[in-house]
Amino acid sequence: MSTDNALSGNAKRKMKSAARFYAVQALFQMESSGQTAEGIVTEFLDHRFGAVYEDMEFVEGDVDLFRALVSDAVNYQARVDQMTDRALVAKWPIARIDPTLRALFRSAGGELTQSDTPPKVVIKEYVDIAAAFFPEGKEPKFVNAVLDHMAREAKPDAF
């Protein structure tokens with residue numbers, strides 16, 4: 001029996017959520033450090049997924065989803081950035097927004113354009129991530145609006 005089948009639906013959802021959170025962190029770190037996609041994926045799998053530091057345990061993430069999110073964000077970055085720019089106000093192209101949000105939009109955009117995940121699930125997951133990174137700010141509402149626009153462009157039939 002495979003481990004995947006032994007996991008409950010809730011455990012699988014938590015692992016997918018963790019993979020999305022890690023992907024945003026990895027993309028942010030890639031941009032700020034200049035690391036390659038392969039290097040950052042290896043670092044996260046070796047040092048973040050399920051790791052314990054000073055009595056703090058990092059959640060185990062869905063490895064396949066994490067790899068796909070980072071890969072798709074990198075491989076389809078130009079397309080995703082263009083979609084993001086169309087969803088943003090003209091005075092605020094993606095290059096001018098917060099690097100954490102840029103990483104979030106790239107991960108979400110890759111998932112919207114390259115996966116079968118329902119757009120509403122993608123939007124909710126990444127709005128939750130924005131709330132984790134910006135608990136006091138307006139960023140979650142901003143992320144919701146931008147991702148809704150991107151999702152309607154990427155998968156109009158889902159709405």
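Both Glu125 and Arg20 are buried, where buried means under 20% relative accessible area, exposed over 50% and partly exposed in between (1.4 Å probe, protein chains only). The side chains of these two residues, Glu125 and Arg20, meet in a salt bridge at 3.4 Å, N to O; the term stands for a side-chain nitrogen of Lys or Arg within 4 Å of a carboxyl oxygen of Asp or Glu. Glu125 belongs to helix α7 and Arg20 to helix α2, so the pair ties together parts that are 105 residues apart in sequence. Helices (H or I, at least four residues) are DSSP runs numbered from the N terminus.

The model is predicted: local features need pLDDT of at least 70 and side-chain atom pairs count only at pLDDT 80 or more, while totals for chains, interfaces and linings use all residues. Residues are numbered from 1 along each chain as its sequence is written, and side-chain values use heavy atoms, with hydrogens and water left out.

Arg20 also meets Glu111 in a salt bridge (2.7 Å, N to O). Here helix α2 is tied to helix α6, because Arg20 lies in the former and Glu111 in the latter, 91 residues apart in sequence. Glu111, too, is buried.

A further salt bridge joins Arg102 and Glu31 (2.6 Å, N to O). Arg102 is buried, with a relative accessible area of 9%, whereas Glu31 is partly exposed at 37%. A network of salt bridges links Glu31, Asp81, Arg102 and Arg106. In total, the count comes to 8 salt bridges.

Note on methods: Helix = DSSP H or I, 4+ residues; strand = E, 2+ residues; numbered from the N terminus.
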